[in-house]
Amino acid sequence: MATWGTSDSGRQEIESRRFQQIIGDSPALQSVLEQVEMVGPTDSTVLIVGETGTGKELIARAVHNVSSRCGRPFIRLNCAAIPLDLLESELFGHERGAFTGAISQRIGRFEAANGGTLFLDEIGDIPLKLQAKLLRVLQEQEFERLGSTHTQRVDVRVVAATNQDLAALAAEKRFRLDLYYRLNVFPIAIPPLRRRTEDIPMLVAHFVEKYAAHMSKQIARIPEEGMEALLSYPWPGNIRELQNFIERAVILTNGDVLHIPPLPSCRLYRPEPVTLDEAERDHILKALEESNWVVGGKHGAAARLGVARTTLIDKMRKCGLSPDVARSRSET
């Protein structure tokens with residue numbers, strides 16, 4: 001049996017490693033948090049890219065929390081969850097009588113976020129006809145409500161997120177290229193859970209503690225074979241899938257040992273085709289591991305890959321690979 005997470009020392013360990021509600025200490029995650037700390041105070045636009053369920057909103061909130069706008073509004077809008085005919089009003093507001101059903105004036109999310117941060121989730125789903133207006137407010141910080149000719153000025157930082165390839169959408173004329181460039185000032189790639197399996201035990205401890213407290217249960221242990229099963233499963237739904245699975249496990253548990261229900265068959269999981277970016281990341285990671293995370297020099301990863309040291313460092317940042325974090329982990 002493995003014990004974890006419910007003792008005072010366990011909770012302190014988890015809390016000391018927590019960046020707000022972001023849990024984990026893997027090199028890939030720590031690299032993301034380093035990028036958050038770098039870009040947070042700059043007020044620049046951030047584009048968060050990652051699969052569904054990887055925690056993009058938590059990263060967006062972290063960007064807001066480490067910025068000078070912390071304490072001011074953080075407004076969220078899921079662009080895929082709003083009907084197309086209502087999305088413009090949600091973003092920019094409307095005047096009374098602007099359309100059928102507009103019985104009163106209403107401010108939009110940009111005005112609500114004035115002075116703070118607007119998080120536009122699933123930005124790839126915003127319709128083309130609204131993209132020009134969005135581009136204008138990003139560049140000029142001004143817009144008009146629906147049904148009005150009066151220009152509204154705002155001071156809003158935009159953090160956007162997507163699980164789509166916006167560059168590919170732009171190449172297919174489904175997303176404005178100029179808007180993509182304007183959003184892609186500082187991209188942050190969130191690694192899927194299968195690329196940060198080191199974080200799974202800590203995430204499991206957090207979710208078990210959360211749901212056990214909610215259900216008034218005392219759960220202190222997990223069978224080692226149960227944890228091994230959780231570590232070997234690919235988690236196509238990422239952290240959200242893990243969280244829902246652990247909630248189900250807590251419901252099924254009687255006693256102090258977590259009951260792990262059967263995991264979905266791996267045959268049901270069809271991994272997506274490996275993209276060029278993923279293949280490059282894996283190749284870089286292999287070279288770094290073979291060189292003990294030494295980047296430069298005759299025997300470093302850059303020499304192994306046949307690229308300049310500065311080129312490799314730039315690619316590592318984009319891939320979420322950090323030698324500093326890996327070195328600090330090996331020293332602990």
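Pairing and packing

Guide: In this predicted model, Asn78 stands opposite Asp121 in S4.

Visitor: What makes S3 and strand S4 a pair?
Guide: Two strands pair if at least two bridges are found between them.

Visitor: In what order do the five strands form the open sheet?
Guide: The order is S3-S4-S7-S2-S8, with parallel pairing.

Visitor: Why are strand S3 (74-78) and strand S8 (186-189) called edge strands?
Guide: Each of them pairs on one side only. Between neighbouring strands of this sheet the turn is 20 degrees on average, direction ignored.

Visitor: What makes a set of residues a nonpolar core?
Guide: Its members must be buried, that is, under 20% relative accessible area, and joined through side-chain atoms within 4.5 Å. The largest such core has 30 residues, and those touching the most other members include Leu91, Phe110, Leu120 and Phe175. Membership therefore places Phe110 under 20% relative accessible area.

Visitor: Which element gives the most to this core?
Guide: Helix H6 (128-140) gives the most, with five residues. Among the other elements that give two or more are S3, S4, helix H4 (84-92) and strand S7 (157-162).

Visitor: Which residues is Phe110 in contact with, leaving aside its neighbours within four places in sequence?
Guide: Among them are Leu91, Leu118, Leu134, Val137 and Val158.

Definitions and conventions. Residues numbered from 1 in each chain as written. Predicted model: local features only at pLDDT ≥ 70, side-chain atom pairs only at ≥ 80, totals over all residues. Heavy atoms only, no water. Helix = DSSP H or I, 4+ residues; strand = E, 2+ residues; numbered from the N terminus. Axes fitted to C-alpha atoms, helices over the stretch in contact; angles between N-to-C directions. Buried < 20%, exposed > 50% of the residue type's maximum accessible area, 1.4 Å probe, protein only. Contact = heavy atoms within 4.5 Å.
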